[in-house]
Amino acid sequence: MGRTTQRECGTAGRRGPDKERPAAWSAYGKLVRLFRERAGLTQQALADAIGYSMEQVASVEQGRRPAKAVFTEAAERVLDAGGALRVLQPDVDRAKLPLFFQDFALLETEAVSRFSYDPMLVPGLLQTEAYARALLEAHFPPLEEEAIEQHLTARLARQSLLTRKNPCVVFSFILEEDALRRAVGGNAVLAEQLAHLRECSRRRNVEIQVMPTRQAAHSGVNGQIVLLETVERRQFVSIEAQGIMNIRSDRDEVSEFWLRYGMLRSQALNTEESARLIERMAGEL
């Protein structure tokens, strides 16, 4: 039987009291405190040893603030944590993502292939920091600055999937031409983003195709699609719109979307034509 998951993000960045401290942050903080006390260190002594303020250490221990990878590596070294903090870092990072996206982000970590069609924007896995920040700053209702930084950190951390080797993930991205002309953050940011797409497309596990605007009707006109296959050969389709994500695993439903995606690949420009178009668009800015 298929599985459907729907989550909403209308309160992204504005957590209520029951969401104030994600479980991963709290668990991580408790471990830091345990290792610190075993080492006979005060919060101030640990802060001095790893180059953070005592307030930052206290916030991490109390689960009020997520630890960044730099904090984790320094704490591992000073506290001789034996990898216990490092193994929690992906969970800490994932908890920074909008609530509606966390289930899908977990599936992504198990993927061996990820195929997507994106009609509106450059997808998060391919975004530059400036492009991603501009999108987060345009969110409405407005996000708090701390939430923007947390979402940005998590989004950029997800991009490690592009370079993961064990297992390597095969990517196919089909981007609508109009999405590449949307000047998110201004022309300079867009020019940098287009150059980044060209760099990403040079990776052997990444294919980027552009759906030209002249292809007026095609099999993706109903919206964004992401298809995943995991190491266990389980297949999923995800559809996202306005902060609501629907994840399906029913074999018949997913099969239809794989067929639809195959048609999209045939209707889009091939990878070489797409690369030339992206270069032309960058030259027009």
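## Helix α7

The buried residues of α7 (129–137) are Y131, A132, A134 and L136, where buried means under 20% relative accessible area, exposed over 50% and partly exposed in between (1.4 Å probe, protein chains only). Helices (H or I, at least four residues) and strands (E, at least two) are DSSP runs, numbered from the N terminus. These buried residues of α7 pack against α8 (145–158), α9 (177–181) and α10.

This is a predicted model, in which local features need pLDDT of at least 70, side-chain atom pairs count only at pLDDT 80 or more, and totals for chains, interfaces and linings use all residues. Residues are numbered from 1 along each chain as its sequence is written, and side-chain values use heavy atoms, with hydrogens and water left out.

## Nonpolar cores

A nonpolar core is a set of buried Ala, Val, Leu, Ile, Met, Phe, Trp, Tyr and Cys residues joined through side-chain atoms within 4.5 Å. The largest one has 33 residues, and L126, F171, F173, L180, L197, I208 and I278 have the most contacts inside it. Among the elements that give two or more residues to this core are α7, β3 (170–176), α10 (187–201) and α12 (271–284). The largest share, five residues, comes from α10.

Beyond its neighbours within four places in sequence, I278 is in contact (heavy atoms within 4.5 Å) with L180, L194, L197, R198, I208 and V210. A second, separate core of 20 residues includes Y28, A74, A81 and A95.

## Backbone features in loops

The peptide bond from F140 to P141 is cis, with omega near 0 degrees; P141 lies in the loop between α7 and α8.

D80 has a positive phi near 50 degrees and is not a glycine. D80 is exposed, at 65% relative accessibility.
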